[in-house]
Amino acid sequence: MEVVSSLLRAKYVRLKRVLTETQITSQSSLHTVPGLKSLNLGEPIYISKPFKARPSNIGLSHFPDISITKYFFARYVVIQASVMNSSPSLEGKTLGEVQLIVAESSDDALLPSINISVKVLPPELSGCSWCVLAASPQRLDGSAILACELRYKILDVDSATGAPLSFGGGSAKSSRSFVEEIQDIEIRRAEFEG
């Protein structure tokens, strides 16, 4: 009975891993993110080159690798944060509820409206968090500075299988939450013009 239980648990963990990877893949491209489809964005006017986001506090050893890309549309700015769970100090732990948050905008022509998090991000995988800002480019005074932060949890894992104890995105009581300020992101009016 114990062997059967172990085999079923291994199969369950494998299926959950495949499901997680499929969910991460479905959220990796602008036009495949379920939470963005209702906006009918169309094609972007301009796409910035990706740049590496840095934490405001240099001493963070557990900070994941983040690459930021900005997509500009007539009425929106969509910010993609590609997060790689590869920090050596995380020691192979799984991240949960990973999201980029615009905490403050220097111009009210850009207002945060939608945040889409990565529910579960296993070690050595990359996932995309999305932040949508409603934009009024004609009201934008040259440029705006966005104060941003990365929020995430380090999930507890089953020592026997390596699977998160809260695999389905639920919150385990012993998960540790982090809020890390990252470098400011600049949005220029000219970026809305291509």
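Accessible areas are calculated here by the Shrake-Rupley method with a 1.4 Å probe. On that basis the accessible surface of the protein, which is a predicted model, comes to about 10300 Å², and 52% of this belongs to carbon and sulfur atoms.

Q: What makes asparagine 40 exposed or buried?
A: Exposed means a relative accessible area over 50%, and asparagine 40 has 68%, so this residue counts as exposed. Asparagine 40 lies in the loop between helix H1 (2-26) and strand E1 (46-47), and its phi is positive, about 45°, although the residue is not a glycine.

Q: Why is glutamate 97 called partly exposed?
A: Buried requires under 20% and exposed over 50%, with partly exposed in between; glutamate 97 has a relative accessibility of 23% and therefore falls into the middle class. Glutamate 97 belongs to strand E5 and, without being a glycine, has a positive phi of about 50°.

Q: How do you know that E9 and E10 pair, and in which sense?
A: Two strands pair if at least two bridges are found between them; E9 and E10 have eleven bridges, so they meet this condition, and the sense is antiparallel. Serine 143 stands opposite arginine 188 of E10.

Q: Why are E7 and E10 said to stand at the edges of their sheet?
A: The open sheet has four strands in the order E7-E5-E9-E10, with antiparallel pairing. E7 and E10 each have a single partner strand, so one side of each lacks a neighbour in the sheet. Neighbouring strands here are turned by 30° against each other on average, with direction ignored.

Q: What makes a set of residues a nonpolar core, and which members of the largest one touch the most others?
A: The largest one has 33 residues, of which Val77, Ile79, Leu110, Leu146 and Ile187 touch the most other members. Among the elements that give two or more residues to this core are strand E4 (76-84), strand E9 (143-155) and strand E10 (176-188), and E9 gives the most, with six residues. Apart from this core lies another, of 13 residues, including Leu30 and Tyr71.

Q: How do you know which residues leucine 146 is in contact with?
A: Contact means heavy atoms within 4.5 Å; leaving aside neighbours within four places in sequence, the partners of leucine 146 include Ile79, Val102, Leu110 and Ile187.

Technical notes
Residues are numbered from 1 along each chain as its sequence is written. This is a predicted model: local features need pLDDT of at least 70, side-chain atom pairs count only at pLDDT 80 or more; totals for chains, interfaces and linings use all residues. Side-chain values use heavy atoms; hydrogens and water are left out. A nonpolar core is a set of buried Ala, Val, Leu, Ile, Met, Phe, Trp, Tyr and Cys residues joined through side-chain atoms within 4.5 Å. Buried means under 20% relative accessible area, exposed over 50%, partly exposed in between (1.4 Å probe, protein chains only). Axes are lines fitted to C-alpha atoms, for helices over the stretch in contact, and angles run from 0 to 180 degrees between N-to-C directions.
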